[in-house]
Amino acid sequence: MGLLSDPNRRQALIKLLTRLNAPICFVCYFAGVAWFMGLAFEPFTLRTYMSENAMGSTMVEERFPAGERALATGREFAAHKKKVGGMPVDWLVKTMQARGLEVFTQSFSRTLPFPDENTERYVVKGTNVYGILRAPRAPRTEALVLSAPCTPGDNNNQAVGLLLGLAHYFRNQVYWAKDIIFLVNEHDLIGMQAWLEGYHHTNVTGMDWSPLQGRGGSIQAALSLELSSDVVTSLDIVLEGLNGQLPNLDLANLFYAFCQKIGVLCTIQGKLQRNDWDSASGYNHAVQTMMLMVMKQASGRPWGDHGLFLRYHIEAATVKGVNSFRHYKTDATTIGRLLEGMYRKLNNLLERLHQSYFFYLLPSLSHFVSIGYYMPAFGLLAVILLLRALDLWVQLSAQPSRTEDGVAGTEQSNPGVLSVLTPLVISHLTGAALYMLPVRFQEVAVEHFPVSETEAVVLTAIAVYTAGLALPHNTHRLLSGEGTEMGWRVLKLVALLYLAVLLGCTAVINFSLGFILALTLVPAAAYVTPHVPKALSAFFLVALSPACTLLFSVFFFQELQEMPVSFQDGWLLYLSVIAQGMLDHYLYGSLVFPLVALLVYPCWLLFWNILFWK
């Protein structure tokens, strides 16, 4: 503290930081990237372990015997689904009642803000069916959920059959201390959203649904099952939820522990466990797995039905059955025993899962990176903004230049509030237009151009985004004439602090999104001034803009999944991602689209305005 309290030492430190500002910023940036890439290296990771004592041992005897019967039920479900052309509600109600459950239905409807061309729907109407197995040994104040979405075609029929088979088996057991809810939801995420809103008596998305006639206790945990084959080679666990939320790590640890016990191949991000961590190929495998998780978490979308449970502080995950070309095969009876074991351990919980981590990255199911390990990588990038802001503050605090008469130049020392306030206001108005206009003006666009509603929304968003590059251009001249040298410095100081706070808040909520934005926006923010070459700098700034970051992320994600695409296919996928991001916001409350439109894009426009400052 003596270094900062002594004025002479403080001044010397400030001079050192300003004199070496650029080299320190370069070192911090590359150190942050190197730190992040090193997170997948074994010394930087911790081995996963069970933190919750109630689930610390997998010593339960799984006896589920009815795998073949469950598959037969799944085939019967598929036949009735094909017969009625959708959800066989009546058959499901009768089947669940025959298994001794209290059965209820919920109807719902939702009009999308614009058509979802991926599933070809605009008005969604459906029915959820759920049965409640009441706990025989407790006051019924807590519950667990097992869900299986009813999807079109032949997908997920086996999951519904296994769900019904487990319901029949669980009904004959007497050790349950929590209600178990067996849910078959229609239209995937939309149906799940309607059921969760009805269960918790909330309506945050404006969906129409009928009130639930039956409820269980407070939901402690949930699993969503996706199984579309009679035989699977491995089970994949999906953890990423809405707005980058993750379930408590103990839930993933429980899944991994039972897979190890029963002998089932388990994967995360579709990648198997490897033991050669010290080799180059093993490290590359871990980096790809971790980066896939980062990209999915940064998208802010729920990657399974479980993703909507996390909003209600319910620990949930999706278990997917994968049928690939591996020689190892797992039958439905083994999967049923794994789920039985997990629910028996969750049944032992005396409190909500809270002992383990909620913020983590997984390079594999056996190793994890805690928040204390990965946040320094972001901190090294964020400190660059503070160093550049300090440099500008020192420049602005220096004595103003004197004229020949010894009078300070007022034009240089006083940039004027309007010259700084005007670009701030106009940039944010542009962001507000990007947020509101695409959906509101889709009908106008369809009338004047030969495009569909979805194409009109996406193209309007791109048009507003591109027009924004010209609208705030030299906006300080609207009210205050020519800009001053000190004016752009004040504006950049404000923009740097604004970006630092914005990225810091984003990283706390969704580290992956905050890190990706920092990776691209920090170099642009640190580099841009009005005195750099305009054409090259403009290209550099556009390449690091939010829209281009999303475009690069689409191609990078496909490469990580080992499914590379051509530029034309990648562009179509990019347009689809934009549309899906908007739909996720309006349907489920994803915050990525409003964050980018209302905050990140206007902040980037401030640096664009600084580049062309005159």
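Guide: The sheet is an open one of 10 strands, ordered 6-2-3-5-4-7-11-8-9-10, with mixed pairing. Strands here are DSSP E runs of at least two residues, helices H or I runs of at least four, both numbered from the N terminus, and two strands pair if DSSP finds at least two bridges between them. At the edges sit strand 6 (208-209) and strand 10 (271-272), each pairing on one side only.

This is a predicted model, where local features need pLDDT of at least 70 and side-chain atom pairs count only at pLDDT 80 or more, while totals for chains, interfaces and linings use all residues. Residues are numbered from 1 along each chain as its sequence is written, and side-chain values use heavy atoms, leaving out hydrogens and water.

Now zoom in on strand 2 (residues 102-116) and strand 3 (residues 121-133): they run antiparallel, paired over 11 bridges. Arg110 faces Val124 of strand 3 across that pairing.

Then there's the loop joining strand 4 (142-150) to helix 6 (157-171), which is where you'll find Asn156. Asn156 is buried, at 4% relative accessibility (buried means under 20% relative accessible area, exposed over 50%, partly exposed in between, with a 1.4 Å probe and protein chains only). Beyond its neighbours within four places in sequence, Asn156 is in contact (heavy atoms within 4.5 Å) with Ala148, Pro149, Thr151, Leu225, Glu226, Leu227 and Ser228. A polar atom of the Asn156 side chain lies 2.8 Å from the backbone nitrogen of Leu227.

How values were computed
A polar contact is a pair of N or O atoms within 3.5 Å; within protein, one must be able to donate a hydrogen and the other to accept it, and residues adjacent in sequence count only if both atoms are side-chain atoms.
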